[in-house]
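Here are a few notes to read with the structure open beside you. Take the points one at a time and find each residue as you go.

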Amino acid sequence: MPKPLKFAICAAVLLLLGVSAQGTAANWRAESTVDPPALTSGSLALLAGGEAKYQFLELAGGELIPGSFTQAPPQISNAGTVDLSYQLNGAVNSAASPSSADQALAGALRLSVYASMDPAACEADQPLAGEALYAGPLGSAASFASARVLGAEPVPESESLCVRVSVPSGAAQSAAGGRVELALKFAGQQR
(Lines give C-alpha, C1' and ligand atoms only; values in the text may rest on other atoms or scores of the structure.)
Protein backbone atom coordinates (compact mmCIF):
# COMPACT_ATOMS: atom_id res chain seq x y z
CA MET A 1 0.00 0.00 0.00
CA PRO A 2 1.39 3.33 -0.95
CA LYS A 3 2.41 5.68 1.81
CA PRO A 4 -0.05 8.52 0.93
CA LEU A 5 -2.92 6.02 1.00
CA LYS A 6 -1.90 4.69 4.44
CA PHE A 7 -1.72 8.26 5.64
CA ALA A 8 -5.20 9.05 4.28
CA ILE A 9 -6.75 5.90 5.85
CA CYS A 10 -5.10 6.65 9.19
CA ALA A 11 -6.39 10.26 9.09
CA ALA A 12 -9.92 9.05 8.23
CA VAL A 13 -9.91 6.56 11.14
CA LEU A 14 -8.74 9.28 13.56
CA LEU A 15 -11.43 11.65 12.29
CA LEU A 16 -14.12 8.99 12.78
CA LEU A 17 -12.87 8.22 16.32
CA GLY A 18 -12.85 11.94 17.18
CA VAL A 19 -16.41 12.45 15.93
CA SER A 20 -17.79 9.36 17.68
CA ALA A 21 -16.04 10.15 21.04
CA GLN A 22 -17.87 13.44 21.53
CA GLY A 23 -21.02 11.75 22.87
CA THR A 24 -23.96 13.67 24.25
CA ALA A 25 -24.46 15.61 27.47
CA ALA A 26 -27.57 16.87 29.19
CA ASN A 27 -27.98 19.27 32.09
CA TRP A 28 -31.01 18.77 34.25
CA ARG A 29 -32.40 21.40 36.56
CA ALA A 30 -35.34 21.07 38.92
CA GLU A 31 -36.66 23.97 40.91
CA SER A 32 -39.17 24.35 43.72
CA THR A 33 -40.09 27.26 45.97
CA VAL A 34 -39.96 26.51 49.69
CA ASP A 35 -41.58 28.71 52.31
CA PRO A 36 -39.40 28.46 55.42
CA PRO A 37 -41.19 28.39 58.77
CA ALA A 38 -40.91 31.42 61.01
CA LEU A 39 -37.87 31.25 63.26
CA THR A 40 -38.44 32.20 66.86
CA SER A 41 -36.07 32.50 69.78
CA GLY A 42 -36.71 32.41 73.46
CA SER A 43 -35.78 34.83 76.16
CA LEU A 44 -33.33 34.21 78.96
CA ALA A 45 -33.87 35.96 82.30
CA LEU A 46 -32.56 35.06 85.74
CA LEU A 47 -33.97 36.96 88.69
CA ALA A 48 -32.98 37.10 92.35
CA GLY A 49 -35.74 38.17 94.68
CA GLY A 50 -37.86 39.02 91.64
CA GLU A 51 -35.34 41.55 90.31
CA ALA A 52 -32.41 41.54 87.88
CA LYS A 53 -30.32 43.57 90.39
CA TYR A 54 -31.47 42.50 93.83
CA GLN A 55 -30.49 44.49 96.92
CA PHE A 56 -29.98 41.76 99.51
CA LEU A 57 -31.02 43.92 102.47
CA GLU A 58 -31.91 40.94 104.66
CA LEU A 59 -28.18 40.43 105.32
CA ALA A 60 -27.51 44.11 106.03
CA GLY A 61 -27.49 45.91 109.32
CA GLY A 62 -26.37 43.20 111.72
CA GLU A 63 -23.16 43.79 113.59
CA LEU A 64 -21.37 40.51 113.57
CA ILE A 65 -18.83 39.49 116.15
CA PRO A 66 -16.47 36.52 115.96
CA GLY A 67 -18.50 33.32 116.15
CA SER A 68 -21.76 34.89 114.89
CA PHE A 69 -23.61 34.78 111.59
CA THR A 70 -26.55 36.17 109.65
CA GLN A 71 -28.56 34.36 107.00
CA ALA A 72 -31.43 35.00 104.63
CA PRO A 73 -33.29 33.19 101.79
CA PRO A 74 -33.14 34.84 98.36
CA GLN A 75 -35.52 33.44 95.73
CA ILE A 76 -33.79 32.62 92.41
CA SER A 77 -36.18 32.29 89.46
CA ASN A 78 -36.29 31.72 85.72
CA ALA A 79 -38.24 34.62 84.22
CA GLY A 80 -37.51 33.66 80.61
CA THR A 81 -39.07 31.32 78.09
CA VAL A 82 -36.21 28.80 77.83
CA ASP A 83 -34.70 26.42 80.37
CA LEU A 84 -31.56 27.77 81.95
CA SER A 85 -28.73 26.72 84.18
CA TYR A 86 -27.24 29.18 86.62
CA GLN A 87 -24.07 29.37 88.64
CA LEU A 88 -22.68 31.48 91.46
CA ASN A 89 -20.09 33.60 89.71
CA GLY A 90 -18.31 35.26 92.62
CA ALA A 91 -19.11 36.68 96.05
CA VAL A 92 -17.18 39.87 96.68
CA ASN A 93 -17.08 43.00 98.80
CA SER A 94 -18.48 45.68 96.49
CA ALA A 95 -17.68 48.63 98.79
CA ALA A 96 -16.33 51.56 96.76
CA SER A 97 -13.26 52.37 98.88
CA PRO A 98 -12.74 49.61 101.44
CA SER A 99 -10.55 50.45 104.42
CA SER A 100 -7.98 48.01 105.75
CA ALA A 101 -10.52 46.86 108.40
CA ASP A 102 -13.08 46.31 105.59
CA GLN A 103 -10.57 44.23 103.65
CA ALA A 104 -9.62 42.24 106.74
CA LEU A 105 -13.28 41.52 107.50
CA ALA A 106 -13.99 40.48 103.90
CA GLY A 107 -11.00 38.14 104.07
CA ALA A 108 -12.25 36.61 107.32
CA LEU A 109 -15.91 36.11 106.38
CA ARG A 110 -17.19 32.68 105.40
CA LEU A 111 -20.07 32.24 102.98
CA SER A 112 -22.40 29.23 102.91
CA VAL A 113 -25.12 28.72 100.29
CA TYR A 114 -27.66 25.93 100.61
CA ALA A 115 -30.58 24.81 98.42
CA SER A 116 -33.72 22.92 99.46
CA MET A 117 -33.92 24.57 102.88
CA ASP A 118 -37.24 25.90 104.11
CA PRO A 119 -37.13 29.72 103.70
CA ALA A 120 -38.85 30.24 107.07
CA ALA A 121 -36.20 28.12 108.79
CA CYS A 122 -33.47 30.10 107.04
CA GLU A 123 -35.01 33.41 108.17
CA ALA A 124 -35.26 32.06 111.72
CA ASP A 125 -31.49 31.38 111.77
CA GLN A 126 -32.04 27.63 112.04
CA PRO A 127 -29.06 25.33 111.36
CA LEU A 128 -28.28 24.98 107.66
CA ALA A 129 -29.97 22.00 106.03
CA GLY A 130 -30.57 20.74 102.52
CA GLU A 131 -28.02 20.64 99.72
CA ALA A 132 -24.73 22.48 100.30
CA LEU A 133 -23.88 24.44 97.14
CA TYR A 134 -20.94 26.52 98.39
CA ALA A 135 -19.00 26.89 101.62
CA GLY A 136 -15.86 28.99 101.68
CA PRO A 137 -14.35 32.45 101.60
CA LEU A 138 -15.57 35.46 99.69
CA GLY A 139 -13.90 35.95 96.33
CA SER A 140 -14.37 36.11 92.60
CA ALA A 141 -13.72 32.35 92.38
CA ALA A 142 -16.71 31.46 94.60
CA SER A 143 -18.93 29.08 92.62
CA PHE A 144 -21.20 26.08 93.03
CA ALA A 145 -19.77 22.61 92.48
CA SER A 146 -22.22 22.23 89.59
CA ALA A 147 -24.71 24.51 87.86
CA ARG A 148 -28.33 24.60 89.01
CA VAL A 149 -31.14 24.07 86.48
CA LEU A 150 -34.41 25.99 86.33
CA GLY A 151 -36.99 25.02 83.70
CA ALA A 152 -39.26 27.41 81.82
CA GLU A 153 -42.13 25.20 80.66
CA PRO A 154 -44.94 24.74 81.47
CA VAL A 155 -44.40 27.15 84.40
CA PRO A 156 -41.10 28.97 85.06
CA GLU A 157 -39.29 27.35 87.99
CA SER A 158 -37.69 29.00 90.99
CA GLU A 159 -35.86 27.91 94.10
CA SER A 160 -35.03 29.38 97.47
CA LEU A 161 -31.45 29.43 98.60
CA CYS A 162 -30.25 30.00 102.14
CA VAL A 163 -27.24 32.32 102.23
CA ARG A 164 -25.23 32.52 105.45
CA VAL A 165 -22.42 34.94 106.18
CA SER A 166 -20.39 34.14 109.29
CA VAL A 167 -17.38 35.49 111.13
CA PRO A 168 -15.16 32.67 112.40
CA SER A 169 -14.44 32.73 116.12
CA GLY A 170 -10.71 33.12 115.39
CA ALA A 171 -11.11 36.22 113.18
CA ALA A 172 -8.18 38.66 113.40
CA GLN A 173 -8.53 41.80 115.50
CA SER A 174 -7.71 43.83 112.36
CA ALA A 175 -11.22 42.98 111.06
CA ALA A 176 -12.89 44.80 113.97
CA GLY A 177 -15.06 47.69 112.80
CA GLY A 178 -14.90 46.55 109.17
CA ARG A 179 -17.88 46.81 106.82
CA VAL A 180 -18.69 44.60 103.87
CA GLU A 181 -21.17 45.16 101.05
CA LEU A 182 -21.63 41.60 99.86
CA ALA A 183 -22.33 41.21 96.15
CA LEU A 184 -23.36 37.74 94.99
CA LYS A 185 -23.04 37.41 91.23
CA PHE A 186 -25.02 34.80 89.35
CA ALA A 187 -24.62 33.88 85.69
CA GLY A 188 -27.27 32.05 83.68
CA GLN A 189 -27.10 30.32 80.33
CA GLN A 190 -29.56 28.56 78.08
CA ARG A 191 -29.87 24.80 78.56
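**Notes on the inside of this model**

1. Let's start with cysteine 162: setting aside neighbours within four places in sequence, its contacts are Gln71, Ala72, Pro73, Ser112, Val113, Tyr114, Met117, Cys122 and Leu128. Keep in mind that this is a predicted model.

2. Where does cysteine 162 sit? Look in strand β8. Its relative accessibility is 0%, and buried means under 20%, so cysteine 162 counts as buried. From cysteine 162 to alanine 120 it is 42 residues along the sequence, with 9.9 Å between their C-alpha atoms.

3. Now for the largest nonpolar core, which has 27 residues. Leu111, Val113, Phe144 and Leu161 are the ones touching the most other members. At least two residues each come from β4, α2, β5, β6 (131-137) and β8, and β4 gives the most, with four. Apart from this core there is another, of five residues, including Tyr114, Met117, Cys122 and Cys162.

4. Valine 113 is worth a click. Not counting residues up to four places away in sequence, valine 113 touches Glu131, Ala132, Leu133, Tyr134, Phe144, Leu161, Cys162 and Val163.

5. Last, helix α2 (residues 100-108): which of its residues are buried? They are Ala101, Asp102, Leu105, Ala106 and Ala108. These residues cover an arc of only 165 degrees around the axis, so they lie on the same side of α2. Ser100 and Gly107, on the other side, are exposed. The buried residues of α2 pack against β4 (84-93), β5 (110-115) and β8 (158-166).

Conventions:
Residues are numbered from 1 along each chain as its sequence is written. This is a predicted model: local features need pLDDT of at least 70, side-chain atom pairs count only at pLDDT 80 or more; totals for chains, interfaces and linings use all residues. Side-chain values use heavy atoms; hydrogens and water are left out. Buried means under 20% relative accessible area, exposed over 50%, partly exposed in between (1.4 Å probe, protein chains only). The arc is that of the directions from the helix axis to the C-beta atoms. Contact means heavy atoms within 4.5 Å. A nonpolar core is a set of buried Ala, Val, Leu, Ile, Met, Phe, Trp, Tyr and Cys residues joined through side-chain atoms within 4.5 Å.
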